[in-house]
Amino acid sequence: MTLRINKLSKTYPNGVKALDNLTLEIQKGMFGLLGPNGAGKSSLMRTLATLQNPDEGTIYFEDIDVLNNPMTLRKTLGYLPQDFGVYPKMSAMDLLDYLATLKGITSRKDRNNLIQQVLEITNLYGVRKQFVDNYSGGMKQRFGIAQLLLNNPKLIIVDEPTAGLDPAERNRFLNVLREIASSNIIIFSTHIVDDIKDLCNDMAIMNGGKILKKSKPSEATKEIENKIWIHNCSREKLEEMEQLHIVLSSKYNEDNSINIRVYANEQPAEYFIKATANLEDVYFIALKNHHQA
Ligand SMILES: Nc1ncnc2c1ncn2[C@@H]1O[C@H](COP(=O)(O)OP(=O)(O)OP(=O)(O)O)[C@@H](O)[C@H]1O
Ligand SMILES: [Mg+2]
């Protein structure tokens with residue numbers, strides 16, 4: 001199972017180039033698309049979901065030429081947009097029944113079985129009689145997954161599903177994704193590095209409409225092993241440090257000193273201590289390289 005995105009470009013009428021000759025190949029499993037605000041994640045996902053056309057490029061999912069056969073793709077696609085509108089005043093069960101009917105499942109028995117199944121996968125069975133409108137943010141996101149599972153999709157695209165969820169709801173949501181990832185391609189976008197770390201077998205870092213890096217999370221951190229250094233400096237020294245070194249991040253300590261993380265092949269100075277590389281370092285290095293280029 002492969003999704004092949006080749007040389008995709010899109011410039012909006014206002015002149016913003018949201019996709020810039022983007023090429024990417026995605027295999028079965030959980031794929032994380034990581035990038036800051038405005039990187040082009042939603043533009044890419046809407047294009048994959050056949051809701052907008054690129055100016056150039058091709059997309060193939062298995063043997064489906066997606067841009068020329070959008071209806072064929074839609075039969076096997078589940079898409080959860082970044083912002084979805086309001087819900088009608090209906091219980092989760094009734095709404096799923098309505099949606100399943102729209103999707104052409106005419107047998108009541110088949111619908112009931114399917115609905116029970118998607119409610120159980122998304123852990124919403126116990127609250128199936130509540131109005132979706134009254135659900136918490138996390139429950140609404142899980143309902144979004146429940147409804148997209150109704151057509152048994154092979155390609156699932158979820159755009160920033162964890163934004164705004166508290167840690168417990170975020171975990172519940174990620175567990176649901178984990179459960180459905182084994183037999184599908186799931187692409188999910190986020191700007192939270194930890195979402196990717198615990199969940200994805202593959203990922204890409206995106207900014208400026210381009211893929212800056214594609215890698216397995218574990219391999220990406222391995223590449224920069226022994227190249228991350230930390231040092232506590234005073235506030236006044238921060239600017240100087242930033243001029244001398246590649247400072248990836250800086251965090252205030254309780255005593256008001258600043259802990260900086262620096263990227264360097266060799267120990268930058270004797271007062272630097274080697275640190276364990278993490279995925280956040282990978283992310284900041286990719287973004288820094290991009291800004292310098
Ligand atoms: N319909 C549109 N018309 C014009 N410009 C747009 C449109 N949609 C997005 N953009 C611009 O394209 C760029 C990429 O936006 P996009 O929404 O794809 O980024 P994103 O990575 O999803 O960001 P976020 O993390 O904030 O959701 C941004 O500069 C944005 O302002
Ligand atoms: Mg977005």
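Which helix does Ile180 lie in? Ile180 belongs to helix α6, residues 167-180. The model shown here is predicted. Its chain has 293 residues, and buried ones make up 35% of them. Ten helices and 14 strands occur in the chain. The domain assignment gives two domains, and ligand 1 has a shell of 15 residues.

**Overall layout**

- Along its principal axes, the C-alpha trace of the chain spans about 75 × 45 × 35 Å.
- Domain 1 covers 2-215 and domain 2 covers 226-276, according to the domain assignment.
- The C-alpha centres of domain 1 and domain 2 lie 38 Å apart.
- Take the contacts in the chain with a separation of 6 or more: residues 24 or more positions apart account for 68% of them.

**The nonpolar core**

- The largest nonpolar core has 74 residues.
- Phe31, Ala146, Ile157, Ile185, Ile186, Ile187 and Met206 have the most contacts inside this core.
- Both domain 1 (2-215) and domain 2 (226-276) give residues to this core, so it lies between them.
- Ile187 touches Ile26, Phe31, Leu33 and Ile157, leaving aside residues up to four places away in sequence.
- Of these partners of Ile187, Phe31 and Ile157 are also listed among the core residues with the most contacts.

**Around ligand 1**

- The closest of the 15 residues that surround ligand 1 are Tyr12, Asn37, Lys41, Ser42 and Ser43.
- By type, the shell divides into four nonpolar, nine polar and two charged residues.
- Helix α1, residues 41-48, gives the most to this shell, with three residues.
- Six of the eight residues of α1 are buried, so this helix is largely enclosed by the rest of the structure.
- The buried residues in α1 are Lys41, Ser43, Leu44, Met45, Thr47 and Leu48.
- Thr50 follows α1, and its phi is positive, near 60°.

- Strand β6 holds residues 77-80. Leu77 and Tyr79 point one way from β6, while Gly78 and Leu80 point the other way. All are buried.
- Strand β7, residues 155-159, runs parallel to β6, and four bridges join the two.
- Leu80 stands opposite Val158 in β7.
- Five of the five residues of β7 are buried, so the strand is largely enclosed by the rest of the structure.
- From β7, Leu155, Ile157 and Asp159 point one way. Ile156 and Val158 point the other way.
- On its link to strand β8, residues 185-190, β7 has five bridges, and the two run parallel.
- Val158 stands opposite Phe188 in β8.

**The open antiparallel sheet**

- Four strands form an open sheet in the order β2-β1-β4-β5, with antiparallel pairing.
- β2 (17-27) and β5 (64-65) stand at the edges, each with a single partner strand, so one side of each is left without a neighbour in the sheet.
- Strand β4, residues 56-61, is joined to β5 by two bridges, and they run antiparallel.
- Phe61 stands opposite Ile64 in β5.
- Strands of a sheet pair through backbone hydrogen bonds, either parallel or antiparallel.

**Back to Ile180**

- Is Ile180 buried or partly exposed? Ile180 has 19 C-beta neighbours inside 10 Å, so it counts as partly exposed. A buried residue would need 20 or more.
- Ile180 touches Ile121, Leu149 and Ile186, not counting residues up to four places away in sequence.
- One of these partners, Ile186, is listed among the residues with the most contacts inside the largest nonpolar core.
- Pro81 is 99 residues from Ile180 along the chain, and their C-alpha atoms are separated by 18 Å.

Note on methods
Residues numbered from 1 in each chain as written. Chains lettered and ligands numbered in written order. Predicted model: local features only at pLDDT ≥ 70, side-chain atom pairs only at ≥ 80, totals over all residues. Near = placed C-beta within 6 Å. Nonpolar A, V, L, I, M, F, W, Y, C, P; charged D, E, K, R; others polar. Domains from an automatic or database assignment. Core = buried A, V, L, I, M, F, W, Y, C linked by C-beta atoms within 7 Å. Buried ≥ 20, exposed ≤ 12 C-beta atoms within 10 Å, placed from the backbone. Contact = placed C-beta atoms within 7 Å. Pairing = 2+ DSSP bridges.
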